[in-house]
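Trainee: I am new to this structure. Please take me through one part of it, slowly and closely: the open sheet and what surrounds it.

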Amino acid sequence: MIKGKVVMDADGIDRALTRIAYEILEKNRGVENIVLVGIRTGGVFLARRLADKISAIEKQDIPMGIVDITLYRDDLLKKKKKPLLGKTDIPFSLDDRKVILVDDVLFTVRTVRAAMDALIDFGRPKVIQLAVLVDRGHRELPIRADFVGKNLPSSLWEAVSVNLTENKGKDEVVIEEET
Amino acid sequence: MRLSSKDILGMKDLSVGEIELILETAESFMEVSTRDIKKVPTLRGKTVINLFFEPSTRTRTSFEIAAKRLSADAVNISSSTSSAVKGETLIDTARNLEAMNPDIIVIRHSCSGAPQMLAGLVKQSIINAGDGAHEHPTQALLDMLTIRQKKGRIAGLKVAIIGDIAHSRVARSNIYGLTKMGASVTVAGPSIMMPRGIEETGVTVHHHMKEAVRHADIIMMLRIQLERQDVNMFPSLREYANYYCLNRESLKGAKEDALIMHPGPINRGVEIAPDIADGPSSVILDQVTNGVAVRMALLYLLAGGES
């Protein structure tokens, strides 16, 4: 296996998130009715960081939820081995809220499709916007992100991983060829 | 991690890892039942048949709700309205149901071993919803989920199971499950209701309720099953209640934060006093709520996938 190449380091990730936080505020003209929902698991850590940044800028707490998309996957019953089901935790109604859906890597976008179906079961949001740290291309559905940390054109045989302090002990985005 | 068998027949067959997988999955499913829209699309297009040859309110409804909340189609068959009354054998009934291509068959039957027999006969997943005096694995799993939620663990807890141990599939499944998960289980009941050799399952046997209840973290009361007793096992319900009813007096000696459980339906004033069943330590209705999550977890883990 070829050693992974670091395409974004801790400072790069932090600056990208800071920019996204400001872009979210700019696009929505403030924080009114905004909620952040992280897609389990990588998106949850990023959503929490974005919520902290936005709260610090606006001096106001932002509600945050967690969505697990397992039950909404389109390939679930194709496999004998089921993914471990995580908890969804959206302790508020999404009616008329501006929902910022947060994920780490945008790839086939099938995860986002599943997440949107899940969100709509929690009410009728006024708008759903999508924030991702890395957009690596290869969309399979007509869905695109509103806020992107880094565009990272990649080939299908490469793996892009977002490592975060919360789960991997270190902030970095790594691209490597799969063996 | 996945389940090793296509069927859920008893707690005896499940490994510690499988039990943990089921409980973890059930824990995640709890949330679905608290939503305004209590439905996820996971098992769309799957068919679950509930084949009940014995009366049931909780278990049958719970399986039906679990299937529906996962978007599966649930079909209920009860013995009184089935061709069993015309003399069709269980095997023929099962083959005919199989011919309609369901995905999962849930069965309750008064004969111990009926689900095992069907599991070998049809290609569908079989879930045992109670067979005779043998096993009732989904009850044990929901009991274990309840214990874990309230106590944070199962290992190291002292569980007292009291009543008609001999006829109780709930007791048997719980004994297998709880001892596997590291709890210490004590049983108590009249000698005539204590199966021979029960000690071999790793439980401690008492005949006086007080001794079993002492220092217990969990007290699980069993229903007196009049329908399974062909001879009178005790002179009267009143006498039974004198010795084995859980009331304020007999509860003394248990830990202060002991949980009171019962698989239902309860015979008020026979095995449990009303003020205890409805009291603050009782988790009887939490058990029912958790039953839906456990059954959703099992349907989810068993359904679909090419082998």
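**The sheet in chain A**

Mentor: Start with one pair of strands: β2 of chain A, residues 34–39, runs parallel to β4(A), and five bridges join the two. Keep in mind that the model is predicted.

Now widen the view. The sheet is open and has five strands, in the order β3-β2-β4-β5-β6 of chain A. The pairing is parallel. β3 (64–67) and β6 (147–151) of chain A are the edge strands; each has a single partner, so one side of each has no neighbour in the sheet. From one strand to the next, the twist averages 25 degrees.

Next, look at the helices. α1 of chain A, residues 10–28, packs on the sheet. This helix touches β2, β4, β5 (127–135) and β6 of chain A. Its direction makes about 150 degrees with that of β6(A). α2(A) also packs on the sheet, touching β2, β3, β4 and β5 of chain A. The direction of α2(A) makes about 155 degrees with that of β2(A).

Finally, follow β4(A) to the largest pocket. β4(A) gives the largest share of that lining, four residues. α2 (42–58) of chain A is among the elements that supply at least two. The pocket has a volume of about 720 Å³. Its lining counts 28 residues, and those nearest the centre include A:Arg40, A:Asp103 and A:Thr111. By class, the lining has nine nonpolar, seven polar and twelve charged residues.

Notes. Residues are numbered from 1 along each chain as its sequence is written. Chains are lettered from A and ligands numbered from 1 in the order in which they are written. This is a predicted model: local features need pLDDT of at least 70, side-chain atom pairs count only at pLDDT 80 or more; totals for chains, interfaces and linings use all residues. Side-chain values use heavy atoms; hydrogens and water are left out. On a 1 Å grid over the protein atoms alone, a cavity is a set of points where a 1.4 Å probe fits but cannot get out, and a pocket is an open set with protein on both sides within 12 Å along at least five of seven lines; lining residues have an atom within 4 Å of a point. Grid points are joined across faces, edges and corners, and a volume is the space filled by probe spheres set on the points. Ala, Val, Leu, Ile, Met, Phe, Trp, Tyr, Cys and Pro count as nonpolar, Asp, Glu, Lys and Arg as charged, and the others, Gly among them, as polar. Two strands pair if DSSP finds at least two bridges between them. Axes are lines fitted to C-alpha atoms, for helices over the stretch in contact, and angles run from 0 to 180 degrees between N-to-C directions. Contact means heavy atoms within 4.5 Å.
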